[in-house]
Amino acid sequence: MVEIKPKEYWPIVYRKEYNVTFFGLENLHPFDSKKWAHIYKWSCVAARISEIPVVALFPNFLVQRQYLRPIRFQVGGTRLAGKIARKEGVAINLGGGFHHCSKKCGGGFCPYADISLIVNDALQENDCKLVMIIDLDAHQGNGYERDFIGNSKVFIIDVFNKNIYPKDTYAETAISRAVKLDCFIQDYEYLTTVESALIESLLKVKPDFIIYNAGTDILKGDKLGLLSITPEGIIQRDEMVFKLAQQNNIPLVMLTSGGYHKSTANIIAASLQNLVQQGLVKPSQVE
């Protein structure tokens, strides 16, 4: 009898179609439109959301193919990673995290509301009563926040630079634990502040699922985030979040979200490597 050994797979979701190319116009934007590959070693409306005005001059089929189609793949990746995380305990989507998009309106480079989608995916499962969103992108996650104002089944922790986009005071009413940072905060103060917010929140509620929006635009030198966190600080932050989820036995999905510095991809890759080394991300076996 031939012995069939189980195969291993890593709970990390990625497709080459994630990467946005637009005849070189992507280089006009501060976002690294191919960062997902680097980690892995309507036209007017799209122009407004992408914040590249010249996109409005292109026919819709090109906007769909070159810009919106890659983002839709990332949305699918977010939903798949969420499903894997709820089954296996942890998963990572190397894209996604479009936290400025609500079910009604996009904005801030975010054309689709993937976070709202996976919150609803989770809450449709009978054993999921409370979802926690930990949003550590430098910007306020006003999109999904607008979708869940007054929803007691969603607990939102949002740590963001209060001096930058979007300054959405209406959306803030959805935040369960808001931490408003000043510009250029550094590692020690940032990490201790985040840790306190997470520990206090987990003492208050016990979620059945965590969505971790792990933006790297907190990096020192990121011209849109305007914070001063080192690469080592980002790695420590991610490790902290994963450890707290593991210690509390809560499934977690990580989305990479914003990051506008050219070194972002290398930092995310280093952080994922550290999570593996710490035993916080492991392969699963399938027959």
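**Note on a predicted protein model**

1. Glu 239 has a relative accessibility of 16%, so this residue counts as buried. Buried means under 20% relative accessible area, exposed means over 50%, and partly exposed covers the values in between (1.4 Å probe, protein chains only). Glu 239 belongs to helix 8, which spans residues 231-247. Helices are DSSP runs of H or I with at least four residues, strands are E runs with at least two, and both are numbered from the N terminus. Leaving aside residues up to four places away in sequence, Glu 239 touches Asn 274, Leu 275, Gln 278 and Leu 280, a contact being heavy atoms within 4.5 Å.

2. The model is predicted: local features need pLDDT of at least 70, side-chain atom pairs count only at pLDDT 80 or more, and totals for chains, interfaces and linings use all residues. Residues are numbered from 1 along each chain as its sequence is written, and side-chain values use heavy atoms, with hydrogens and water left out.

3. On confidence, the average pLDDT of the protein is 85, and 80% of the residues score at least 70; pLDDT is the predictor's confidence in each residue, from 0 to 100. Residues 22-31 fall below 50, and this stretch has 30 contacts in the model beyond near neighbours in sequence. Residues 42-65 also stay under 50, with 52 contacts beyond four places in sequence.

4. On overall organisation, the protein has 287 residues, of which 56% count as buried. Its secondary structure comprises 9 helices and 9 strands. The accessible surface amounts to about 13,600 Å², and carbon and sulfur atoms account for 54% of this area. Such areas come from the Shrake-Rupley method with a 1.4 Å probe; for residues, only the protein chains shown count as cover.

5. In soluble globular proteins, nonpolar side chains tend to be buried together. A nonpolar core is a set of buried Ala, Val, Leu, Ile, Met, Phe, Trp, Tyr and Cys residues joined through side-chain atoms within 4.5 Å. Which residues have the most contacts inside the largest nonpolar core? They are Ile 134, Tyr 190, Ile 211, Tyr 212, Phe 242 and Leu 252, in a core of 69 residues. Apart from this core lies another, of 6 residues, including Val 75, Cys 101, Cys 110 and Ala 113. Beyond four places in sequence, the residues touched by Leu 252 include Ala 85, Val 90, Phe 209, Tyr 212 and Phe 242.

6. Helix 4 (residues 114-123) is mostly covered, with 7 of its 10 residues buried. Among them are Asp 114, Ile 115, Val 119 and Asp 121.

7. A nonpolar patch on the surface is formed by Trp 10, Ile 12 and Val 276, which together have about 240 Å² of accessible area. Patches consist of residues with over 30% relative accessible area and no salt bridge; like charges are joined within 9 Å, and nonpolar side chains (Val, Leu, Ile, Met, Phe, Trp, Tyr) within 5 Å. Ile 12 lies in strand 2 (residues 12-13) and counts as partly exposed because its relative accessibility is 31%.

8. Most residues other than glycine have a negative phi, and most peptide bonds are trans. The bond from Tyr 165 to Pro 166, however, is cis, with omega near 10°. Pro 166 sits in the loop between strand 5 (154-161) and helix 6 (169-172). Lys 167 lies in that loop as well and has a positive phi of about 50°, although it is not a glycine. With a relative accessible area of 55%, Lys 167 is exposed. Phe 184 has a positive phi near 65° and is found in the loop between strand 6 (177-181) and helix 7 (187-204).

9. Side chains of opposite charge can pair when their charged atoms come close. The structure holds 8 salt bridges, each a side-chain nitrogen of Lys or Arg within 4 Å of a carboxyl oxygen of Asp or Glu. In one of them, the closest N and O atoms of Asp 168 and Arg 146 are 2.7 Å apart. This pair links distant parts of the chain, 22 residues apart: Asp 168 is in the loop between strand 5 and helix 6, and Arg 146 is in helix 5 (residues 142-147). Is Asp 168 buried or exposed? Asp 168 counts as buried because its relative accessibility is 9%, whereas Arg 146, at 40%, is partly exposed.

10. Glu 239 also takes part in a salt bridge, with Lys 243 (2.8 Å, N to O). Both residues lie in helix 8, 4 residues apart, about one turn of the helix. Lys 243 has 31% relative accessibility and therefore counts as partly exposed.
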